[in-house]
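Keep the viewer open as you read.

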Amino acid sequence: MAREVITKTKKKNRNNVAYFFVLPFVTIFFIFSIYPVFRTLYLSFTDFKGFGDSVFNGIENYKRALTDKFFWRALGNTCKIWGVNIVVQLGTAFLLTIIFSDIKYKIRGLATFRAMFYLPNLIAATSVAFLFKTLLDWKYGSINQILVSLGITASPINWLGSASTAPYVVAVVSAWMWFGNSFIVLMAGVQGIPKDYFEAAAIDGAGRWKVFGKITLPLLKPILLYVFVTSLIGGLQMFDLPFLMAEGGTAGNPSGSLQTAVMYLYKFGFQTRQVGYASAIAYTLFFIILIVSVIQFKLLGSKED
């Protein structure tokens with residue numbers, strides 16, 4: 001009996017030691033993740049300027065955000081860029097998934113292609129922005145010189161200096177950066193589908209598009225839901241690429257067409273020092289993302305059921 005008690009005590013002491021190993025991570029997580037979330041929520045109900053004392057002003061910041069036409073314009077720019085981005089990104093990823101998953105093609109070297117497609121995602125956004133700003137330069141950019149020399153355009157196109165083209169350029173560049181990630185996720189989903197389905201369809205003489213529409217696409221719905229939700233969250237938080245290609249949100253931002261919701265938040269949080277209002281914008285954006293994500297879950301989830 002005494003031995004059992006001693007053994008249990010030793011096991012308990014040994015288990016308690018584990019808490020000391022997870023303590024550093026938990027401490028850092030609370031300081032840099034949990035605390036800022038609740039601190040931002042508190043500041044959203046104040047008129048905090050970034051320094052000095054703050055005065056509680058209730059929901060005034062949220063009222064201001066909901067009636068701020070410039071915030072909604074920035075959110076509209078974000079949705080426009082994200083919309084074009086997700087169409088190009090998923091369209092490219094889907095096309096590549098169809099090609100590489102088709103047993104009739106039997107393309108080899110999938111690992112090599114996956115690495116090549118994912119490579120743009122590993123490049124820093126600053127490097128990508130500098131690269132495409134150089135290629136798309138109005139006067140000296142390589143793309144304009146090629147288009148003019150081939151006679152496709154009569155004069156150089158001001159890609160990043162026109163409100164009619166700048167958002168779409170940023171959207172395509174962002175899609176180029178992220179399509180490899182979507183392709184890898186979709187291919188992982190396809191590889192999880194039993195091969196028997198595809199072999200049976202091939203024996204029955206089903207075409208590629210019929211196999212994709214009747215087998216691949218329905219079984220990929222959970223993966224699609226994941227890609228859509230994560231893409232939505234990342235898209236509505238878009239900041240680095242538009243900010244860099246718009247040169248900090250001032251020059252190179254035609255008619256504010258590249259100003260996203262987070263760039264608008266950054267303006268009040270770090271430039272005009274209206275931290276309380278910036279915090280309210282952050283939580284307004286959070287609730288918008290939450291509502292749209294729930295709607296996506298309901299729509300795709302009900303179709304799956």
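This is a predicted model: local features need pLDDT of at least 70, side-chain atom pairs count only at pLDDT 80 or more; totals for chains, interfaces and linings use all residues.

Two residues are in contact here when they have heavy atoms within 4.5 Å of each other.

**Tyr 118 and helix 4**

Let's start with Tyr 118, which sits in helix 4. Once you set aside the neighbours within four places in sequence, Tyr 118 is in contact with Gly 180, Asn 181 and Ile 184. Met 177 is 59 residues away from Tyr 118 in sequence, yet their C-alpha atoms are 8.0 Å apart in space. Tyr 118 has a relative accessible area of 26%, so it is partly exposed.

Zoom out to the helix itself. Helix 4 covers residues 110-122, which makes 13 residues. From its first C-alpha to its last it reaches 18 Å, close to the 18 Å expected at 1.5 Å a residue. Which residues of helix 4 are buried? They are Leu 110, Phe 117, Pro 120 and Asn 121, and they pack against helix 3 and helix 7 (166-191).

**Asn 85 and helix 3**

Helix 3 runs over residues 69-101, and Asn 85 is part of it. Is Asn 85 buried or exposed? It counts as buried because its relative accessibility is 4%, and the cut-off for buried is under 20%. Apart from neighbours within four places in sequence, the contacts of Asn 85 are Ala 171, Ser 174 and Ala 175.

**The nonpolar cores**

Now for the inside of the model. The largest nonpolar core has 43 residues, and those with the most contacts inside it are Phe 100, Phe 183, Leu 186, Tyr 264, Ile 281 and Leu 285. Several elements give two or more residues to this core, among them helix 3, helix 4, helix 7, helix 8 (195-203) and helix 13. Which helix gives the most? That would be helix 3, with 11 residues.

Leu 186 is a handy one to click on. Not counting residues up to four places away in sequence, Leu 186 touches Leu 90, Ala 93, Phe 94, Thr 97, Leu 220, Ile 223 and Leu 224. There is also a second, separate core of 19 residues, which includes Ala 129, Leu 136, Ala 166 and Ala 246.

**Out towards the surface**

| Residue | Location | Relative accessible area |
|---|---|---|
| Phe 29 | helix 1 (residues 2-43) | 37% |
| Lys 133 | helix 5 (residues 125-135) | 24% |
| Arg 273 | loop between helix 12 (261-271) and helix 13 (275-304) | 39% |

Phe 29 belongs to a nonpolar patch on the surface.

Lys 133 pairs up across the chain: its C-alpha and that of Leu 160 are separated by 7.9 Å, although the two are 27 residues apart along the chain.

And what about the backbone of Arg 273? Its phi is positive, at about 60°, although Arg 273 is not a glycine. You'll find this residue in the loop between helix 12 and helix 13.

Note on methods. Residues are numbered from 1 along each chain as its sequence is written. Side-chain values use heavy atoms; hydrogens and water are left out. Helices (H or I, at least four residues) and strands (E, at least two) are DSSP runs, numbered from the N terminus. Buried means under 20% relative accessible area, exposed over 50%, partly exposed in between (1.4 Å probe, protein chains only). Patches are made of residues with over 30% relative accessible area and no salt bridge: like charges are joined within 9 Å, nonpolar side chains (Val, Leu, Ile, Met, Phe, Trp, Tyr) within 5 Å. Accessible areas come from the Shrake-Rupley method with a 1.4 Å probe; for residues, only the protein chains shown count as cover. A salt bridge is a side-chain nitrogen of Lys or Arg within 4 Å of a carboxyl oxygen of Asp or Glu. The expected span of a helix is 1.5 Å times one less than its number of residues. A nonpolar core is a set of buried Ala, Val, Leu, Ile, Met, Phe, Trp, Tyr and Cys residues joined through side-chain atoms within 4.5 Å.
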